Structure formats: structure tokens, C-alpha cells
Amino acid sequence: RGEIYPAWRWGEKTDAIELTQVERQLKPTLPDFYNMVMERPRDDPRGYGLLFVDASRKAGLGSSFSHSCDPTCEVKVVAV
């Protein structure tokens, strides 16, 4: 349910947020653990790839599953 960004766009977004926070002397309002990275393995025939999921606004309970010192699950992409 989160917003999905390619790596280049994610970098632009986080840079813009950081710059605004510095200019306006704001503290970050959300920790990074609301975000997930989905990675296509390097040996995949379709090529390596990264997608970033920003679950800070459109998150469900699943957005916190992988955030533990001793995780019991991982994020997987499944096409139906």
C-alpha cells in the first residue's frame, strides 16, 4: 500500500526532504524504518534492480513486519 519509487527518484526525494529540514531547522518527523527496499537479485535474467517503498503515509500493519532486531519474516514481491 506504500508509494513505490525507483532508486534515482528515492534519492531525489530524500535529498529534497533533508535540504528542507536543514533550511527550516526542522527535526525529522518520521524515522527511516517506515521504508522498505525491494531488491531483484544480481543473477536474475531480467537484471539487477531496486525499488523503495515509502510506507510513511499509506502503511498497513505489514509495513512494520521486517523491522526487528530478530526478524521472523522478510518482504517478498509476488505477481498474481
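View 1. Just after H1, Gln25 takes a positive phi of about 55°; helices (H or I, at least four residues) and strands (E, at least two) are DSSP runs, numbered from the N terminus. This is a predicted model, in which local features need pLDDT of at least 70, side-chain atom pairs count only at pLDDT 80 or more, and totals for chains, interfaces and linings use all residues. Residues are numbered from 1 along each chain as its sequence is written, and side-chain values use heavy atoms, with hydrogens and water left out.

View 2. Trp10, Lys13 and Gln21 of H1 are buried, where buried means under 20% relative accessible area, exposed over 50% and partly exposed in between (1.4 Å probe, protein chains only). Seen down the axis, the buried residues of H1 fall within an arc of 65°, so they line one face of the helix; the arc is that of the directions from the helix axis to the C-beta atoms. The face turned away from this buried side carries the exposed residues Trp8, Asp15, Val22 and Glu23. Cover for the buried residues of H1 includes strands S1 (3–6), S2 (35–40) and S3 (49–54), judged by contacts, meaning heavy atoms within 4.5 Å.

**View 3. A cluster of aromatic rings.** Ring pairs link Tyr5, Trp10 and Phe52 into a cluster. Rings of Phe, Tyr and Trp (its six-membered ring) pair if their centres lie within 6.5 Å; planes under 30 degrees apart count as stacked, over 60 as edge-to-face and the rest as tilted. The whole structure has two aromatic pairs. Tyr5 and Trp10 make a tilted pair, 5.7 Å centre to centre with 50° between the planes. Trp10 and Phe52 have ring centres 5.4 Å apart and planes at 5°, so this pair is stacked. Trp10 lies in helix H1 and Phe52 in strand S3, so the pair ties together parts that are 42 residues apart in sequence.

**View 4. Ala55, beyond strand S3.** Ala55 lies in the segment after S3 and is buried, with a relative accessible area of 3%. The C-alpha atoms of Ala55 and Glu3 are separated by 6.6 Å, although these residues are 52 apart along the chain.
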